[in-house]
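The sequence and coordinates are shown first.

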Amino acid sequence: MFTHSPLGLYLLDQELRIVRVNDAVRRSPVYESGSSIGETFPTIGLEDPAGERKIAHQVLTTGVPVLNRVVRTAHRNGVRRRSLALSYVRLEGENGEILGIVASAVDVTARERALQSIFVLEQLRSVAGEQLEVTAVCRELANAVVPAFAGIVVIEVIDDVIRGDEPPVAPVDQDVPLRRTAFQGLVSAYSVGDVRQLPAGTPFSLVLIDLRARLVRVEKDSPWLPADPARANAIARSNAHSLIVAPLAIRGQALGLVSFYRHRDEEPFDEEDIAVAEDICCHAAVHIDNARRYTRERTIAATLKRRLLPQRPVAPSTAAVSHLHVPGQGGGGAWFDVIELAGGRTALILGDVAGRGISTATTMGQLRTVIHSLAAMDLEPDELMARLNDTATRLATERAALPAGDPQHREPLTAGCLIAVYDAVDQTCTFVRAGLTQPYLTLPNGDSGDIAVPAGPLLAGNDHSPFPAATIELPAGSTLAIGNEDILETSDQIRGLVRTSTDRRLEEVCDELSYILGDKADTEKLLLLARAKGLPADRVLTLGFDDEFAAAPKARDATRRKLEDWNVDQDAAFTTELIVSELVGNAVRYGTPPYRLRLILDNRLTCEVRDAGNNAPHLKHARTIDEGGRGLFIIATIADSWGTRYHEVGKTIWAQQDIGSALGPPASSP
């Protein structure tokens, strides 16, 4: 066994003196010349020789063997440290007397280095693979390699890559800036986050030219150090003596580079370490590129969503409106709309499409477009929600019909929405809810609480139940809060702030709410605040009339007097009288009593005529010889907009004019 065994064998007596060694010991690279028979074990330079003697004494005393104990040799200049697997077995005579110990030593340096490399890579895979931000991946990379592989690490990424742009193909231009994204070590030449160009004539700039890792000996007179004085100073202060610079690259495109340093008493890198560094950087590059792609998609989705959301939200004259939006990680599908309707009414809409990314933002834009188109038809809130659900269902059907390999095929489309239509004349608000949470109301007297709006099914869901509406009184000065997710249900602090905000500007309230929520959240948060202003009674004329031919002249007279009170100029007054005459005449001729005329003046002038009939009006192009049939055609010609709104009983035909410049000074003015 001593002659042919490949293991290094030591025969020790009871005093742990070396009695015999085999040829494998003498051939070992860790064998010390001068070690001779009779010396106390261990003679090889281990990190803790006293500890090994203690283990050997324990085996000698107890007889329990110790196998494959991995130790490292001590650091010596010019000699690379090795890893050894030591085993101890007690020798006994025929009568059980203790004779000594057989100690074996196996050089397992290559195995331990491979295990160390596997450990670093597994740690990098398990941690960095969960990150979806380039800087976060770089931080995890630095944590994984220090101190397991290097004492100092510097990670620099091309600045455009961090923003999600396509990485450049090597060779990289000299003027491309890099951002220092992570650092672990003693002294950093530049702060993390610093953006700069790499100086020419250094190993770092060369790596981005050919994407080849380099082993660099760091000495005081290294010719590349003067090109970067700050880095040279940090290297000197850290006592770094060995450097590997490796590229972060994928598909021939450069993402950045990693600088691994060993310093102080750490053993220098060798050629075998280059392969380990390349493996580390190769795996890190995959994670960085995934994070870059995610950043790019998130940026595109956020940009698309910003373009699809209202750029300048409408500021209705009958309500003050403000909103709070916290995008969250990866964006989302939340949106809001404020749409002015005829008759002093305002539609407040908040929706939330499940999911995130470009497809979610696109779906949100489609639903928002449909909302605006349907709102122009002046539908009741419950019918508006039902038709919006029809559109969402068609979009979901189209998504389900996509090929199985399409990512959207695996993402079912669902969305929540809440529609609130505030009537400033009647001072009421009608709600319809598809999912989402209950709205929150604070009255002028300080009373507050959730509004009991019946919950309708989610849009595009499997539940085909109707969308029930609920109407409540909403006096002027009331503050309404509508939010997505559970933003109003889970935070007493937010509810308390909304409850005490009756005498404060809504913009200030939203700012304080943003401080509570913070700038970042795991999911998108959207809150819409609206404060009812109401419409003064003197800005509304309501007149009932009978089914008689004198109704139109009476309506014109009442209109003329009211327009004089409002100081509307003669041209606008003449147009309004003509509209009133045609609307009243058509109602008497084709409608069903009772009839009602209503003039509403806010930032526009609205003329409404309501009757109990449900027959739909039609715009006709009468022939020259026809005596009638031109009523709605005339209205459509002279009014800015007109339409029909249906109720449970009857309908309202309305026409609007923008007469802001047609209003004269108040009647009391001299």
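At 7% relative accessibility, Ser222 falls under the 20% limit and therefore counts as buried. Ser222 sits in the loop that runs between strand E9 (214-217) and helix H7 (229-238). Its side chain reaches the backbone nitrogen of Glu219 at 2.9 Å. The model is a predicted one.

Ala213 belongs to the loop between helix H6 (203-210) and E9. With a relative accessible area of 6%, Ala213 is buried. Apart from neighbours within four places in sequence, the contacts of Ala213 are Val245, Ala246, Pro247, Ile274 and Glu278. Ile118 is 95 residues away from Ala213 along the chain, and the C-alpha atoms of the two are separated by 19 Å.

The N-terminal end of H8 is capped by Asp270, which places a side-chain oxygen 3.1 Å from the backbone nitrogen of Glu272.

Two packed helices are described by the angle between their axes and the distance between the axes. The axes of H8 and H9 come within 8 Å and cross at roughly 10°. An angle under 35 degrees counts as roughly parallel, so H8 is roughly parallel to H9. On the H8 side the contact involves Glu297, Ile300, Ala301, Leu304, Lys305 and Leu308, which meet Ile358, Ala361, Thr362, Met364, Gly365 and Arg368 of H9. By class, this contact of H8 with H9 divides into 7 nonpolar, 2 polar and 3 charged residues.

H9 (residues 358-376) has 19 residues, and the distance from its first C-alpha to its last is 27 Å, close to the 27 Å expected at 1.5 Å a residue. Which residues of H9 are buried? They are Ser359, Thr360, Ala361, Thr363, Met364, Gly365, Leu367, Arg368, Val370, Ile371, Leu374 and Ala375. The elements covering these buried residues include helix H8 (271-308), strand E13 (333-341), strand E14 (345-353), helix H10 (381-400) and strand E15 (415-423). Just after H9, Asp378 has a positive phi of about 60°.

**Helices H11 and H12**

For helix H11 (residues 492-499) and helix H12 (residues 506-517), the axes come within 10 Å and cross at roughly 170°. Angles over 145 degrees count as roughly antiparallel, so H11 is roughly antiparallel to H12. H11 contributes Gln493, Ile494 and Leu497 to the contact, and H12 contributes Val509, Glu512, Leu513, Ile516 and Leu517. The contact of H11 with H12 has 6 nonpolar, 1 polar and 1 charged residues.

**Helix H14**

The 21 residues of H14 should span 30 Å at 1.5 Å a residue, and the end C-alpha atoms are 30 Å apart, which agrees. The buried residues in H14 are Ala572, Ala573, Thr575, Thr576, Glu577, Ile579, Val580, Ser581, Leu583, Val584, Ala587 and Val588.

**Backbone exceptions**

Most residues other than glycine have a negative phi, and most peptide bonds are trans. The table lists residues that depart from this pattern.

| Site | Backbone value |
|---|---|
| Val146 to Pro147 | cis peptide bond, omega near 5° |
| Pro593 to Pro594 | cis peptide bond, omega about 5° |
| Asp378 | positive phi, about 60° |
| Gln427 | positive phi, about 55° |
| Leu436 | positive phi, near 55° |

Gln427 lies in the loop between E15 and strand E16 (428-434). Is Gln427 buried or partly exposed? Its relative accessibility is 27%, so Gln427 counts as partly exposed. Leu436 is located in the loop between E16 and strand E17 (440-442).

How values were computed. Residues are numbered from 1 along each chain as its sequence is written. This is a predicted model: local features need pLDDT of at least 70, side-chain atom pairs count only at pLDDT 80 or more; totals for chains, interfaces and linings use all residues. Side-chain values use heavy atoms; hydrogens and water are left out. Axes are lines fitted to C-alpha atoms, for helices over the stretch in contact, and angles run from 0 to 180 degrees between N-to-C directions. Helices (H or I, at least four residues) and strands (E, at least two) are DSSP runs, numbered from the N terminus. Angles under 35 degrees count as roughly parallel, over 145 as roughly antiparallel, 65 to 115 as roughly perpendicular and the rest as oblique. Contact means heavy atoms within 4.5 Å. Ala, Val, Leu, Ile, Met, Phe, Trp, Tyr, Cys and Pro count as nonpolar, Asp, Glu, Lys and Arg as charged, and the others, Gly among them, as polar. Buried means under 20% relative accessible area, exposed over 50%, partly exposed in between (1.4 Å probe, protein chains only). A polar contact is a pair of N or O atoms within 3.5 Å; within protein, one must be able to donate a hydrogen and the other to accept it, and residues adjacent in sequence count only if both atoms are side-chain atoms. The expected span of a helix is 1.5 Å times one less than its number of residues.
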